[in-house]
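Let's take a walk through a protein model together. Have the sequence and the 3D view open, and follow along as we go.

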Amino acid sequence: MALISLEDVTKIYPRGSRPALDDITLDIDRGEFVFLVGASGSGKTTLLSLLLREEQATEGEIRVAGSDLRRLPARQVPQYRRGIGFVFQDYKLLANKTVWQNVAFALEVIGTRRSTIKSLVPQVLQTVGLTGKEDRLPHELSGGEAQRVAIARAYVNHPRILLADEPTGNLDPTTSVGIMEVLEAINRTGTTVVMATHNEEIVNSMRKRVVELHNGKIVRDERQGSYDSATYFPDAEVEARAQQAIGVASDAARQADLVRADGAGDASPTAGVIAAAEAVHNAGAGDEGIARLAGSVHSGRKGRYGETFVSVEDTLTWGKGISLDSAKNRSARNGGDAKGSKTADDDSRFKAPNSVDLAEPAVDSGTAVDSGAAAPEPPAPPAPPRRGARDTDKTVKKENDR
Ligand SMILES: Nc1ncnc2c1ncn2[C@@H]1O[C@H](COP(=O)(O)OP(=O)(O)OP(=O)(O)O)[C@@H](O)[C@H]1O
């Protein structure tokens with residue numbers, strides 16, 4: 001049985017003029033890596049929000065790891081979300097917490113013991129290559145580093161599923177390769193990754209499963225897909241290398257099963273985090289997609305349409321994270337401290353680095369953990385389309401051609 005299964009799912013927002021998702025049927029198996037592509041407004045974020053149970057389907061059935069999300073009572077939603085990590089385009093780090101604290105917080109809010117936190121946080125920071133930057137605040141990080149903190153936070157509980165909404169959207173090409181390397185390594189430990197992206201070069205290089213949405217409908221679902229359908233844009237060289245990658249993928253899946261069978265479940269995320277660290281360490285061995293992506297980026301290839309990446313100067317946000325004001329407002333709305341965030345331990349790493357004593361927002365972490373006190377805020381509305389008009393034209397043209 002598929003890990004994620006959507007059957008005839010339609011989502012109509014209360015004030016939406018047309019369905020954001022329109023009769024979607026989709027199965028995603030354990031251990032898969034799926035790219036969601038499609039023009040701005042095609043429904044990618046909506047699909048991720050349904051899987052996170054931030055939104056509910058208007059019609060249809062969604063099952064995740066056997067849970068029927070229609071029947072999931074509100075009080076069980078926090079528990080459900082603990083098995084899901086979420087990474088946003090704009091990182092959403094807590095601005096007044098250090099790197100170490102941002103990651104530790106994801107575990108604190110679910111009541112993880114301090115001794116476990118102290119052992120897991122360094123491991124996951126090593127996984128994302130941030131050892132040595134534990135004491136930095138978000139504004140002291142580059143965009144790529146901030147996103148790696150966000151991924152560490154989303155992954156530290158070793159979720160079965162990692163959802164990522166444009167995780168490289170604010171990053172330059174080289175930094176994006178590093179982010180994809182980490183996501184790929186996490187996937188190799190058995191975590192299913194579903195990533196919405198507009199990044200053509202990443203999708204074309206990695207040759208994962210590609211699901212394309214257009215006006216809320218699935219118009220394409222390919223096993224080792226490219227950003228554009230191979231039917232319309234054949235590329236013999238990429239196709240040939242993709243065949244090679246198929247062998248690599250099945251080896252990885254076998255390895256992933258072993259890791260899961262080893263007991264790296266919710267109760268003991270340690271083994272999964274260690275496995276991810278090893279996967280990153282061994283990334284050079286057989287990781288064809290990342291090698292292709294790095295080669296493509298470093299050769300200066302810009303993708304089929306010559307504008308794969310928006311100019312770095314225009315897009316980098318350099319890890320600003322969320323503002324203190326925004327954190328305070330969230331905290332007020334959520335009714336104050338989160339369960340488990342108060343502690344009696346003397347370890348100075350748990351203490352805020354400055355005198356600002358903010359009440360913790362109940363959920364502002366990339367890991368979809370929850371204090372049980374309140375549901376998290378839905379992700380911010382999508383950024384204005386960077387390439388939307390052109391993408392839409394292209395997709396419509398494809399539709400007309402069909
Ligand atoms: N909260 C909401 N209320 C009403 N309509 C919404 C809401 N959120 C999204 N929509 C609409 O649903 C459709 C799908 O939006 P969605 O954000 O899922 O697209 P997307 O593919 O993620 O876009 P992008 O690539 O720009 O992030 C759009 O028409 C959008 O305007």
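This is a predicted model: local features need pLDDT of at least 70, side-chain atom pairs count only at pLDDT 80 or more; totals for chains, interfaces and linings use all residues.

One oxygen atom of the ligand sits 2.4 Å from an N or O atom in the side chain of Ser40. Taken by itself, the ligand would expose 630 Å², and the protein buries 70% of that. His198 also reaches in with its side chain: an N or O atom there is 2.8 Å from a ligand oxygen. Ser42 does things through its backbone, where an N or O atom lies 3.1 Å from an oxygen atom of the ligand.

Now look at who else is around. The ligand is surrounded by 14 residues, and the closest are Ser40, Lys44, Thr45, Thr46 and His198. Sort that shell by class and you get five nonpolar, seven polar and two charged residues.

Lys44 leads us on to helix 1, which covers residues 44-51. Is this helix mostly covered or mostly open? It's mostly covered, with seven of its eight residues buried. Just after the helix, check out Arg53, which takes a positive phi of about 65 degrees.

Next come the strands. Strand 4 (residues 59-64) runs antiparallel to strand 1 (residues 4-11), and five bridges join them. Find Arg63 in strand 4: it stands opposite Ser5. Turn to strand 5 and you'll find another bridge partner for Arg63, namely Asp68. Strands 4 and 5 are antiparallel too, joined by two bridges. Their hairpin has two residues between the strands, and Ala65 there takes a positive phi near 50 degrees.

Note on methods:
Residues are numbered from 1 along each chain as its sequence is written. Side-chain values use heavy atoms; hydrogens and water are left out. A residue is near a molecule or strand if one of its heavy atoms lies within 4 Å of it. A polar contact is a pair of N or O atoms within 3.5 Å; within protein, one must be able to donate a hydrogen and the other to accept it, and residues adjacent in sequence count only if both atoms are side-chain atoms. Accessible areas come from the Shrake-Rupley method with a 1.4 Å probe; for residues, only the protein chains shown count as cover. Ala, Val, Leu, Ile, Met, Phe, Trp, Tyr, Cys and Pro count as nonpolar, Asp, Glu, Lys and Arg as charged, and the others, Gly among them, as polar. Buried means under 20% relative accessible area, exposed over 50%, partly exposed in between (1.4 Å probe, protein chains only). Helices (H or I, at least four residues) and strands (E, at least two) are DSSP runs, numbered from the N terminus. Two strands pair if DSSP finds at least two bridges between them.
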